[in-house]
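Please read the points below alongside the sequence and the model.

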Amino acid sequence: MANPSILILAGDGIGPEVMSEVRKIIDWFAAKRQIKFNVSEDLVGGAAYDVHGVPLADETMAKAMSVDAVLLGAVGGPKYDKLDFAVKPERGLLRLRKEMDLFSNLRPAQCFGALADFSSLKKDIVAGLDIMIVRELTGGIYFGEPRGIFPDNDGGRVGINTQRYTTEEIRRVARSAFELARRRGNKVCSMEKANVMESGILWREEVTWVHENEYADVELSHMYADAGAMQLVRWPKQFDVIVTDNLFGDILSDTAAMLTGSLGMLPSASLGAPGKNGRPKALYEPVHGSAPDIAGTGKANPIACILSFAMALRYSFDLGDEATRVEQAVEKVLADGLRTADLMGPDGGKPVSTSEMGNAIRQALDASV
Ligand code: NAD
């Protein structure tokens with residue numbers, strides 16, 4: 001693939017700080033692996049509002065539609081809290097997700113050995129954990145109609161949200177999960193509430209259809225989402241890929257995130273339908289926000305953003321080995337005891353700043369070739 005293109009939207013707060021460290025890794029690939037990315041940068045969130053009066057300019061949206069992958073830092077901050085809902089920084093991110101039709105949200109929960117003590121669970125339950133939650137992101141109860149708060153017949157009010165899924169919405173996210181499983185442990189567990197919800201029955205039937213007709217080589221199991229939540233904290237290593245709807249995925253992915261410790265360690269990807277080039281539209285971003293409480297202090301952990309770039313290497317650019325190289329470099333610096341402030345835990349460690357962490361990861365990459 002010749003010079004794949006990346007649009008960087010660093011955003012607000014610690015977004016630009018962590019993204020600077022990702023730039024070091026991108027530059028390393030050009031210098032040491034002859035893998036050159038066509039990188040452009042633009043504004044999103046409050047930073048875009050300050051210049052354009054909107055949290056995502058139309059030209060930026062057009063660029064996002066044309067590149068191979070978008071890499072986003074974080075948006076938001078107290079300065080923008082009182083803005084109208086329509087121009088709040090988060091609306092920029094929501095516009096990207098909507099117009100790129102990013103229906104498949106990938107949230108890995110990976111526990112690096114050196115950080116196993118950070119989890120609220122026992123070390124042997126989480127050490128070496130590597131699971132992937134695939135959450136349907138554009139349908140379900142957060143979007144279904146009718147919705148709203150209405151007067152009730154008895155003088156009270158009624159709040160309504162509608163869980164609604166179509167065959168195609170379920171099949172496309174199921175395919176995304178099966179594809180991922182083939183690159184990993186080849187197992188998918190689908191979670192819903194087919195015992196009490198018709199949409200859950202349809203979910204189970206459609207996932208089974210995709211399995212039988214297109215991915216019979218992958219192992220498929222089904223679990224009720226409440227039982228799945230229990231299993232996630234009881235014995236998470238039984239899972240490889242979990243696929244679930246928008247609401248359950250919201251909850252289960254946050255539960256899984258806590259298995260691994262700090263927010264500063266969590267990457268994510270949101271994928272859409274394959275474009276003309278055969279690759280899915282894709283947005284990669286750390287799970288954390290703009291962390292205004294530590295912005296500008298050099299305390300931000302850049303690893304979530306660096307691991308998000310590693311996901312781009314794997315899922316947008318078919319560079320799985322290079323993604324593993326980045327993940328191993330992260331593992332190495334953590335094993336060496338380097339710790340940003342959020343990782344200063346029970347085992348102490350050597351305190352480092354945002355840029356020192358980025359430099360150390362780049363050095364570990366140097367040592368890998
Ligand atoms: P947050 O994720 O920004 O911060 C929560 C806590 O985690 C803070 O104490 C912060 O210092 C810490 N933290 C977060 N990322 C860290 C990192 N990389 N390294 C070290 N510590 C880190 O969530 P919040 O405080 O609820 O929200 C702050 C702002 O971010 C709000 O405006 C919110 O709307 C926005 N937000 C944006 C996104 C996004 O851009 N995707 C996601 C969540 C929140």
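Against which elements do the buried residues of helix 12 pack?

1. The buried residues of helix 12 pack against helix 1 (15-33), helix 10 (303-315), helix 11 (320-335) and strand 13 (338-339). Contact here means heavy atoms within 4.5 Å. Helices (H or I, at least four residues) and strands (E, at least two) are DSSP runs, numbered from the N terminus.

2. This is a predicted model, in which local features need pLDDT of at least 70 and side-chain atom pairs count only at pLDDT 80 or more, while totals for chains, interfaces and linings use all residues. Residues are numbered from 1 along each chain as its sequence is written, and side-chain values use heavy atoms, with hydrogens and water left out.

3. T354, M357, G358, A360, I361, A364 and L365 are the buried residues in helix 12. They cover an arc of only 160° around the axis, which places them on the same side of helix 12; the arc is that of the directions from the helix axis to the C-beta atoms. The face turned away from the buried side of helix 12 carries the exposed residues Q363 and A367. Buried means under 20% relative accessible area, exposed over 50%, and partly exposed in between (1.4 Å probe, protein chains only).

4. Buried residues of helix 1 include W28 and F29. The packing partners of the buried residues of helix 1 are strand 1 (5-11), strand 2 (38-42), strand 3, helix 10, helix 11 and helix 12. Just after helix 1, Q34 takes a positive phi of about 55°.

5. The largest pocket has a volume of about 880 Å³. Its lining consists of 38 residues, of which E90, L93, L94, R97 and L137 lie nearest the centre. Helix 4 provides the largest share of this lining, 8 residues. By class, the lining of the largest pocket has 15 nonpolar, 12 polar and 11 charged residues. A pocket is an open set of points on a 1 Å grid over the protein atoms alone, where a 1.4 Å probe fits, with protein on both sides within 12 Å along at least five of seven lines; lining residues have an atom within 4 Å of a point. A volume is the space filled by probe spheres set on the points, which are joined across faces, edges and corners.

6. The second largest pocket has a volume of about 410 Å³. Of the 19 residues that line the second largest pocket, S176, E179, L271, P274 and P280 lie nearest its centre. Helix 6 supplies the largest share of that lining, 6 residues.

7. S253 lies in helix 9 and, at 2% relative accessibility, counts as buried. Residues up to four places away in sequence aside, S253 touches R107 and I133.

8. Most residues other than glycine have a negative phi, and most peptide bonds are trans. A cis peptide bond joins E145 and P146, with omega about 0°; P146 is found in strand 6 (residues 144-151). N186, in the loop between helix 6 and strand 8 (187-192), has a positive phi near 65°. A291 also has a positive phi, of about 40°, and lies in the loop between strand 12 and helix 10.

Technical notes:
Ala, Val, Leu, Ile, Met, Phe, Trp, Tyr, Cys and Pro count as nonpolar, Asp, Glu, Lys and Arg as charged, and the others, Gly among them, as polar.
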